[in-house]
Amino acid sequence: MLAKLDHILGKCSDLINVVSKYVLGIIVATMFASIILQVALRYLFNTGLSWPEELTTFLMAWMTFLGSAIAVKQMEHISINMFVERLPQRGQLLMRLITKITMLLFVILLVYLGYNLAVNSVNYFSNALRLSLFWPRLSILVGGSIMVLHLVHFIVRDLREVRRT
Amino acid sequence: DDGGQAGEEAGTEQAVELVLSHTAAPGTPIYLTYEKFKEELEERTEGSVTVRIHHSATLAGDTQGIEMLQNGTLDIASAATNNMAPFTDLFLVFDLPYIFEDVYATHKVLNGDIGQEFKEKAEEELGLKLLFFLDPGTQRDVMNSKREVRVPEDLRGLRFRTAESPIEMAYVEALGAVATPITWVEVYSALEQGVVDGLVQQFHWVVTANLHEVIRYVTETGGIHAMHMAFMNKDSFDKLSEAQQQAVLEAAQVAQDYNFEIAPKMADEMKQQMIDEGVQFYTPTEEELAQWREISVSIWDLFTDRIPEDLIERIQEAQR
Amino acid sequence: MIWWLLIPFLVALFIGIPISFSLGIGVIIFIFVTGTLPFDVFAQTLYNPTESFPLMAIPFFILAGELMNRSGITDRLINFAKFFMGRVRGGLAQVTVVSGAGFAGLSGSAVAETAALGKTLGPAMEKQGYGKDFIAALIASVGVMAPVIPPSVIMILYGAQMNVSIGAMFMAGIVPGLIIACLLMLVAYLMAIKNRYPTSSVPFSWKGLLDVTVAASLAFVMPIIIVVGIRGGVFTPTEGGAVAAAYAFLVGGLIYRSLTLNDIFESFVRSGITSAVILLVVAMSAPFGWVMTYFAIPQAVADALLGLTDNHVIILLLIIFILIFVGMFLEGAAIVMLLGPVLAPVAAGMGMEPVHFAIVMVVAIAIGMATPPVGVNLFVMVPIMGTTMEKASKAVLPFILSLFVALLIIAFFPEIVLWLPQLFR
Ligand code: NA
Ligand code: NA
C-alpha cells in the first residue's frame, strides 16, 4: 500500500520536476532577453520601453518560487546538518521525517497565504503592462503547491524506510 | 495594583496604539507633519490613543503601505497620489501636468469641497479613510546633471529617469528627453554614473534620497504636484470610541493646516540645501514657462478617458 | 517577546530544516503567539524582495559565470593567472583576492560578487587541489569587499536612510576595502602554507606567455566592458549582469563555438535554481526583519546594551559587537534599516564623523554576510562548491578574524577612512 503510494507519488513528483525545469529555463531566458533588449534599445536607438523592467521583476518572482520548488525536490536548499548527523541511524531517520512534516505544514500555510495574496491582488494593476498583480503573485501558490507534492512524496518514502528499519 | 491607569485617566476610553508608516526622512515637511499629527492626537485624547510612527519606508513603501492598510497590518499609511495607480484611477487627475496653478492653488482646492469629495470617494472606492493631504512643498521640477535647461528644446538627447509608468514616460518624451525607466533605489547611482541624466521630481524627495549630490541643474518648471495622503484602515477607525474618532479627524485637520503652512516655507530651506551642495537653479521667464506648459498639457489626452471630465473643470474653477 | 522569533528559528535551523524555511517558520510562530498581526503580512513582505529589480543582478551574474564555465572562458583565465601567480604557494588564492578587489569595483552587491567569483574561480581552485571548504570560505570573505569598495548597494541604502553623502561614502570605502584585501591575502598565504596548497610547475617561456595571453584575451575584454559600461553609464549594475552574460554567450557560442544549445538551456535552468535558493533566503528574511522592525526589537536590544556605560571606547566596541551579532542572523539591507537610525545618533553623540561611522557600519554589515549561521555569501558558496554549511562555517573563521581586525583598524583610526573624501572635497 505504502509502496504503491510511494511509486505513484514518485512518478508525479519526477514529472512535475521535469516540467518545472523547462519552464524555469524559459523564464530565465526571457528575463535575460528583456534586459538585453532594453540596454540595446537605449544605446543603439536612444529609446526605452516601459515593460521590460516590470516583466523581468514579475518573472523573477516566478523564478524564485518555481526554482525553490525544484531545489526542494533536489535537496539543494541550504541547511545545517551537523547536529542531526550525530544521532544514531534511526534517530536521523526520525528527525528527517519530523523536519519534512514541519516543512510540509509550513508550506501548506504558505500556499494558503499565497492564495490570499494572489486573490486579493486581482484588482491591482501594474504600471507598465496594466497586468493584474494576480499573475506574478500566483507564483507563491504554484511554487508552494509543487513543494507540497515533493514533500509528501519524501514523507511517504521516509515512512516506508522507518517501517523497514 | 495592576495597570489600567492610562485608561482610567482618560475616562472610559480604551487605550489604543495606532501604527503609522510613511516614507519621508527626518527633518522633511512630511515627516514633521506626521509628528504633528501624533502630538495633536495624543494630546486631544489625553493619551488614550497613541501613535507609533515608522518613517523612511522602514515598514513599507507607498504601494506596500496601502496594501498593508487594506489587510489590516497597518492602521495609518502615507502614499503619493501617483503611487495609487495600481489601486484606483481616483487620483489620476493629480498627475495632469499644470492642472494646479501653484502649490497654494492646490491647498485652496483641497481645503474646499473638492478635498471633501476626495475623502468621501476614497472611502467608497478603496474602503479607506482619507484623513488628510500632505504637501511636499513644491511641484515637480525638471532637473539634470548635464547642462542648464531653459526651454524644452534644451532637453533633446538627455535621458530622463521615469517610474515604469507609460504616462510618466509619455510626459518626459513629450518634453523632448528620452524616457528611461529606473527603479527608485537605483536612481542615485544611475545619475552618478550617467545611465540617466536627469529626472522630474520634488525637492522633498531629491533631498530625502540625496540626489542633490548628483543633480547639477534645476529648472523651476513646476508642473505636477504629487501630493501625499494619509489613509486610515476603516476597521481601525470604527473600533475607536466616538470621542476618539472625533479627535482623529480634528488632529488630521490640524496636521493638514500645519503642513500647508510649513511645507512651502521649508521648500526654500530644501532649495538652499541643494544650492549649498552646488546645484544651480534657473527660473524660466514667462515666455519660456508658456512653452513648458503648452507641451505638457498636450499629454492630457492620454488620461482623459479615465478621469471624469467635469472634475478637471471643477478643479480649475475652484482655483480662481 | 523576541524569543518567540529567535528560538523557533534556531530550533528549526538546528534540527536540519533549510535556513530559508527556518526563517519563515520563526516568523509564523511569532505572529501566531503575539497575535496582533494578520498572517497575510507574511506573504506580502516575503513576496516583495522577489520582484526587486536590483536583486536581479544575482541571476544574471550567476548565468554569466555558468556560461563562462561551460564555454571554457574560465579555464583560459585561470591558465593565464596560473602562469604568473602559480609559482607562489597558494597563488590561485591570491589571484582570487586580487580579482575580488577588482570585481568589487564593478559590483555593488556582495552576493553578486560572491556568485560570480564562486562560479568562475571556485571550480578552477578545486581542480588545482584546494579544499572545497577553504574555497567556499575564501570567496565568501572576498565577497565582503563588494559593499565596501564602491559602488555599493548598502552604502546607497545607508546614505538614503541616514542622510549621509553617498559620494563621500563611496570615496571613504576605497582604503578600508584595500586594507581588507591585504589582510585576506595574508591569511590566504598562511593557510596555503599550512595546508600545502599547490604551486604549479609551468615553466616560463615567451611562447607560453603569448599562448596563455592570446587564449585569455577575450576573457579580459569582459571586465573592461563591465568597468567601462557601469562607470561610463552605459548600463546599471543590474543590467551589467545581463551584459556580462550576453558577452559570455557571444564569446562561447559564436567565437569559441564551445557552447551547445543544450549547454545554453542548461545554464538558464541551473542559474535559475541557484538564484532561487539564494533569493528564497533573502525573501524569507524580509518578514523576519519586518516583524522585528514592527515591534522595535533591535532598538530595545541596542538601548539596553548602550545603557551600560559612557566610556566611548567601550560604547564603540559595544556597537561593533551588536552589529556583528545581529549580522550573524540578519540580512544587510535589513540591518541598515533597523539599526542605522538607532546607532548613528549614539555615534554622533560621541563625536564620530557621520561618514566614518557609516563606513564602520557598512564594513560590519559586510562582514556579517560571511558569518554563520546566516551569511548570504556562505549561502551562495555552499551550493556552488557542494560543501556543507558547517564545514564552510568552520573554514571561514580565520578569515572572519582578519576581517574583524580590519574593522577595528577602521573603527579606531578615522583618518584612514576620512583621508580620501577630504582630499577630493
Ligand atoms: Na562594490
Ligand atoms: Na551573518
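Buried area is the accessible area, taken with a 1.4 Å probe, that two parts lose on being put together, summed over both. The model discussed here is predicted.

Q: What is the area buried between chain B and chain C, and what percentage of that area do carbon and sulfur atoms give?
A: On the side of chain B, 29 residues are in contact with 33 residues of chain C. The area buried between these two chains is about 2,600 Å², and the part of it given by carbon and sulfur atoms is 52%.

Q: Which three residues supply more than any other three of the area that chain B buries against chain C?
A: The area buried between chain B and chain C comes to about 2,600 Å². Of the area that chain B buries there, 22% is supplied by three residues, namely B:Thr73, B:Glu186 and B:Gln193.

Q: What is the area buried between chain C and chain A?
A: The contact of these chains takes 57 residues from chain C and 58 residues from chain A. Of the area that chain C buries against chain A, C:Phe21, C:Tyr47 and C:Glu390 supply 13%, more than any other three residues. Carbon and sulfur atoms give 79% of the area buried between the two chains, which is about 4,900 Å².

Q: How far apart do the end C-alpha atoms of residues 21-43 of chain A lie?
A: The UniProt annotation "transmembrane region", from an unreviewed entry, covers several spans of chain A, including residues 21-43 and 55-72. In the model, residues 55-72 are 100% helix, with their end C-alpha atoms 26 Å apart. Residues 21-43 are also 100% helix and 0% strand, and their end C-alpha atoms lie apart by 33 Å.

Q: Is α3(A) roughly parallel or roughly antiparallel to α4(A)?
A: Helix α3 (residues 89-120) and helix α4 (residues 134-164) of chain A pack with their axes 8 Å apart, at an angle of about 160 degrees. Because angles over 145 degrees count as such, α3(A) is to α4(A) roughly antiparallel.

Q: Is the crossing of α6(B) and α11(B) left-handed or right-handed?
A: Helix α6 (residues 166-175) and helix α11 (residues 286-297) of chain B have axes 9 Å apart and an angle of about 135 degrees, which makes α6(B) oblique to α11(B). The contact is made by B:Tyr171, B:Ala174 and B:Leu175 of α6(B) together with B:Trp292, B:Ile295 and B:Ser296 of α11(B). Those residues divide into 5 nonpolar, 1 polar and no charged. The crossing of α6(B) and α11(B) is right-handed.

Key:
Residues numbered from 1 in each chain as written. Chains lettered and ligands numbered in written order. Predicted model: local features only at pLDDT ≥ 70, side-chain atom pairs only at ≥ 80, totals over all residues. Heavy atoms only, no water. Axes fitted to C-alpha atoms, helices over the stretch in contact; angles between N-to-C directions. Helix = DSSP H or I, 4+ residues; strand = E, 2+ residues; numbered from the N terminus. Parallel < 35°, antiparallel > 145°, perpendicular 65-115°, else oblique. Left-handed = near helix turned anticlockwise from the far one by under 90°. Contact = heavy atoms within 4.5 Å. Nonpolar A, V, L, I, M, F, W, Y, C, P; charged D, E, K, R; others polar. UniProt positions renumbered as here; feature names shortened; annotations may be inferred.
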